[in-house]
Each structure stands twice: as C-alpha cells, then as structure tokens.
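Let's take a few of the labels that get attached to a protein model and ask what stands behind each one. Have a look at the structure first, and then we can go through them together.

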Amino acid sequence: MSDTDKTEIEAIAVEAGAAPPAIIEDCSRCGKPVTLCVCQDIQPIDNKIALLVLQHPQEQDKALGTARLTTLHFKNAVFKTGLSWPSLTKALGRAADPKRWATLYLGSADPALIAPGQSVVALDAKGKLLPMQEMALADIDGVIVLDGTWSQAKTLWWRNAWLLKSRRVVLAPSRPSLYGKLRREPRREGLSTLEAAGMLLSKLEKKPGIESALLATFTKLLDLYRLQPPPPGAVDGLRSVKSGPRRRPPRRYSRG
Ligand SMILES: [Zn+2]
C-alpha cells in the first residue's frame, strides 16, 4: 500500500468517525492476511502429475485468491507470477515437453457432447472434443492452470505461445463453485483455481482424496472470510461481486 493510499484511508476513517484500520500482516507462506491464513494444516500431496500455476501480475485478490494456496498442497507444484515466459521449461524451471502437458483451457465444451460422469474433457485446437478421450488424457506429465480474471487469463494464454503446444482440457463440474456469490471466476466452469486444480489432478491421478483435501482448505478459507466484518460500502455482506463480469471495488484496502 502506498503512503497516498494510507492517507486516503485514514481520511475516510476519520470522516466516518472510526479509528484508522489496523494494518494486518500477511502470512509469509500463503501470502494471505494472517486473519485468513489456513495454510498451517496443509499436508503436501505427493502428486505424480505436476502442477504449474501461472498468475497474472495484476491478480491481487489476496483475500479470496487461491493460487498460492493451491500449490502449497502439492510437493510437485510451481507457482509463478508474470506475463510471459519463453517456454514451458523456463516457466517451470526444469526441462519439460509441452506436448505432454495439459492446459486448463478457458473455453468450454458443448455439454451435450460430454458423457455422463465425465468431468475432465480433452479438446482439439478448435475447441472440439477429441474423439479418443482416453488417449488424450493419458501420459500427462503436468497440468497448467492460469490464474486471474477472465481477461487476465486470456492475456496469459495469448502471451505464451508455447501453451498452444500443450493439450487442452476443460472441466465439467457437477456442482457450482463453493465461492457462491463471493466471486466470479475466469473459466466458464466457474471454479476457483483451487477447486479446478483439485478436480483436474484428482481425476487424472484417479485419487479422489486430492480434491477433498483441497476443498477442505477452501471451505476453511471461506468460513474465515465470511466471519470478517464487511468493509465500508459493502452491500449485504457481498464484498467483491456486483453484477456482470467479475468486478472488484477499486480499492480493497481493508485486506491489502
Ligand atoms: Zn498462511
């Protein structure tokens, strides 16, 4: 927070007759304000399929963002913030073949074409369902999840040409995001980064425990979040979403 921001906040607080908001420290591990930290109980999972989360530098939802929290759940996971990397190898920090990786694509598959019970779907470059689903979803070394708003994620997709070499997968979740009305998500399936990565790795590794471990953490985070006093100007306890595409208040000074 800049000094100008602080002065403005103090001015607003004085106007409202309240004390200036206390500066809440951030957890050095998960990056969340300590009042929202749920990372101490996380037991990292020994995942065979690697996870790479690429976060747009302007994604700043410190309170409800889940990217760092997601990667903390896995022994084999990398979290990077940036706009572009010359290759998957550079982004990951070790040699990797993008053809053996799958990117969680921002588009969605025609629900009519998805078989019952099928929750991870492989698409071709035109966004059509691949005929050999089992083959397309086999031998995947790792998955890439883009973190940010819809337009930020789209920017990441187009700025990193090597992503086009990776396989494309989409999710067909059977339930809506636990975020509920708290926030909108960039992908069509509407899940948080944590829910999406949990579902994807859980299905690909055929270990339902992965998804449930991540969801347990997410539920704890949302419970803590809902306990927080709403910041000035919040309506009906809704902090970040109004109507239309995901929008945030210009400043979320109460929580960083
Ligand atoms: Zn933490």
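Q: What makes D139 exposed rather than buried?
A: In this predicted model, D139 has 9 other C-beta atoms within 10 Å. A residue counts as exposed with 12 or fewer, so D139 is exposed. D139 sits in the loop between α4 (133-136) and β5 (142-147).

Q: How do you know whether K206 is buried or exposed?
A: Count the neighbours: K206 has 7 C-beta neighbours inside 10 Å. The limit for exposed is 12 or fewer, so K206 counts as exposed. K206 belongs to the loop between α6 and α7, and its phi is positive too, at about 55 degrees, although K206 is not a glycine.

Q: Why is α6 called roughly antiparallel to α7?
A: The axes of α6 (residues 193-205) and α7 (residues 208-227) come within 7 Å and cross at roughly 165 degrees. Angles over 145 degrees count as roughly antiparallel, and therefore α6 is roughly antiparallel to α7. The crossing is right-handed.

Q: Which residues make the contact between α6 and α7, and of what class are they?
A: On the α6 side are L194, E195, G198, M199, L201, S202 and E205. From α7 come P208, I210, E211, L214, L215 and F218. By class, the contact has eight nonpolar, two polar and three charged residues.

Q: What makes β2 and β4 edge strands of the sheet?
A: The open sheet has six strands in the order β2-β1-β5-β3-β6-β4, with mixed pairing. β2 (77-81) and β4 (120-123) each have a single partner strand, so one side of each is left without a neighbour in the sheet. On average, neighbouring strands are turned by 25 degrees against each other, direction ignored.

Q: How do you know that β4 pairs with β6?
A: Two strands pair if there are at least two bridges between them. Four bridges join β4 to β6 (residues 167-171), so the two strands pair, and they run antiparallel. Within this pairing, L123 has R168 of β6 as its bridge partner.

Q: Which strands does α6 lie across?
A: α6 lies across β1 (50-55), β3 (101-104), β4, β5 and β6, and runs at about 165 degrees to β5.

Definitions and conventions: Residues are numbered from 1 along each chain as its sequence is written. This is a predicted model: local features need pLDDT of at least 70, side-chain atom pairs count only at pLDDT 80 or more; totals for chains, interfaces and linings use all residues. Axes are lines fitted to C-alpha atoms, for helices over the stretch in contact, and angles run from 0 to 180 degrees between N-to-C directions. Angles under 35 degrees count as roughly parallel, over 145 as roughly antiparallel, 65 to 115 as roughly perpendicular and the rest as oblique. A crossing is left-handed if the near helix is turned anticlockwise from the far one by less than a right angle, and right-handed if clockwise. Two residues are in contact if their C-beta atoms, placed from the backbone, lie within 7 Å. Ala, Val, Leu, Ile, Met, Phe, Trp, Tyr, Cys and Pro count as nonpolar, Asp, Glu, Lys and Arg as charged, and the others, Gly among them, as polar. A residue is buried if 20 or more other C-beta atoms lie within 10 Å of its own, exposed if 12 or fewer, and partly exposed in between; C-beta atoms are placed from the backbone.
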